[in-house]
Amino acid sequence: MMRPRKYDNKTVSEYARDRVNKKLFGYKIRQPHDSEKEFFKENPDTHGYAADDNSIVLNPYSSLSKKELSLVAINEALRLKIREDDFDPQFDITEEQIKYFKGTPYENNKMAMRQTILARIHTGDPSAKSTKEQKEVLKKYLLNKK
């Protein structure tokens with residue numbers, strides 16, 4: 001029988017707060033500033049982001065499960081690592097992916113779109129709709145990071 005994990009009885013907001021000061025890929029998860037809390041409250045489908053201060057910020061108002069929110073944190077940590085490495089992944093973006101990101105900040109920034117696709121592939125996010133080529137680029141990138 002599995003022991004309950006210490007976060008099993010916490011709300012998503014409590015879990016996000018408890019993740020503060022934890023590190024993923026060397027990046028700290030921090031509390032959202034007041035302006036970020038306001039943004040997150042108005043945008044509950046934005047579950048977190050890789051902040052300009054090289055920290056991970058999770059949305060305390062997110063409707064995701066704690067497990068899903070953990071994957072968001074890993075996704076954002078990889079985005080920070082990719083940004084720090086100034087890695088510009090080169091692969092074809094599918095029409096389906098272009099359509100998915102239409103109307104988002106990624107729509108006119110193909111490098112950022114490729115970076116987020118890689119991070120989403122890494123965490124198993126089904127929105128990535130990845131190709132074999134994209135998975136290979138991620139694999140090579142991660143193997144070179146060890």
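Two aromatic rings of Phe, Tyr or Trp count as a pair if their centres lie within 6.5 Å. Keep that in mind for the exercises below, which explore a predicted model.

**Exercise 1. Get your bearings: how many helices and strands does the chain have, and in what pattern do they follow along the sequence?**

Step 1. Start with the elements: the chain has six helices and four strands.

Step 2. Now walk along the sequence, and you will read α-β-β-α-β-β-α-α-α-α.

Step 3. Next, look at burial. Of the 146 residues of the chain, 42% count as buried.

Step 4. Finish with the contacts between residues at least 6 apart in sequence: 56% of these join residues at least 24 apart.

**Exercise 2. Find how many aromatic pairs the whole structure holds, and work out the geometry of the pair formed by phenylalanine 87 and tyrosine 141.**

Step 1. Searching the whole structure gives five aromatic pairs.

Step 2. For phenylalanine 87 and tyrosine 141, the ring centres are 4.5 Å apart and the planes stand at 20 degrees. Planes under 30 degrees apart count as stacked, so this pair is stacked.

Step 3. Phenylalanine 87 belongs to the loop between α3 and α4, while tyrosine 141 is in helix α6, so the pair ties together parts that are 54 residues apart in sequence.

Step 4. Check how accessible each one is. Phenylalanine 87 has 21% relative accessibility and counts as partly exposed, whereas tyrosine 141 is buried at 5%.

Step 5. Phe39, Phe40 and Tyr49 make up one aromatic cluster. The charged end of arginine 114 sits over the ring of phenylalanine 91, 6.0 Å from the ring centre.

**Exercise 3. Describe how α6 packs against α5 and against α3.**

Step 1. Recall what to look for: two packed helices are described by the angle between their axes and the distance between the axes.

Step 2. Take α5 and α6. Their axes come within 10 Å and cross at roughly 80 degrees. Angles of 65 to 115 degrees count as roughly perpendicular, so α5 is roughly perpendicular to α6.

Step 3. List who meets whom. From α5 come Ile117, Leu118, Ile121 and His122, and they meet Gln134, Lys135, Val137, Leu138 and Leu142 of α6. Sorted by kind, the residues of this contact are six nonpolar, two polar and one charged.

Step 4. Turn to α3 and α6, whose axes come within 13 Å and cross at roughly 75 degrees. These two helices are therefore roughly perpendicular to each other as well.

Step 5. On the α3 side, Leu78, Lys81 and Ile82 make the contact, and on the α6 side Leu138, Tyr141 and Leu142 do. This group divides into five nonpolar, no polar and one charged.

**Exercise 4. Is alanine 119 buried or exposed, and which residues does alanine 119 touch beyond its neighbours in sequence?**

Step 1. Locate alanine 119: its place is in helix α5.

Step 2. Its relative accessibility is 0%, so alanine 119 counts as buried.

Step 3. Setting aside neighbours within four places in sequence, alanine 119 is in contact with Asn75, Leu78 and Arg79.

**Exercise 5. Locate aspartate 86 and lysine 129, and examine the phi of each.**

Step 1. Begin with the background: most residues other than glycine have a negative phi.

Step 2. Aspartate 86 has a positive phi, near 50 degrees. Aspartate 86 lies in the loop between α3 (66-84) and α4 (95-100) and counts as exposed, at 61% relative accessibility.

Step 3. Lysine 129 also has a positive phi, near 45 degrees. Its loop runs between α5 (110-122) and α6 (132-143), and lysine 129 is partly exposed, at 46%.

Definitions and conventions. Residues numbered from 1 in each chain as written. Predicted model: local features only at pLDDT ≥ 70, side-chain atom pairs only at ≥ 80, totals over all residues. Heavy atoms only, no water. Buried < 20%, exposed > 50% of the residue type's maximum accessible area, 1.4 Å probe, protein only. Phe/Tyr/Trp six-rings, centres within 6.5 Å; stacked < 30°, edge-to-face > 60°. Lys NZ or Arg CZ within 6 Å of the ring centre and 35° of its normal. Axes fitted to C-alpha atoms, helices over the stretch in contact; angles between N-to-C directions. Parallel < 35°, antiparallel > 145°, perpendicular 65-115°, else oblique. Contact = heavy atoms within 4.5 Å. Nonpolar A, V, L, I, M, F, W, Y, C, P; charged D, E, K, R; others polar.
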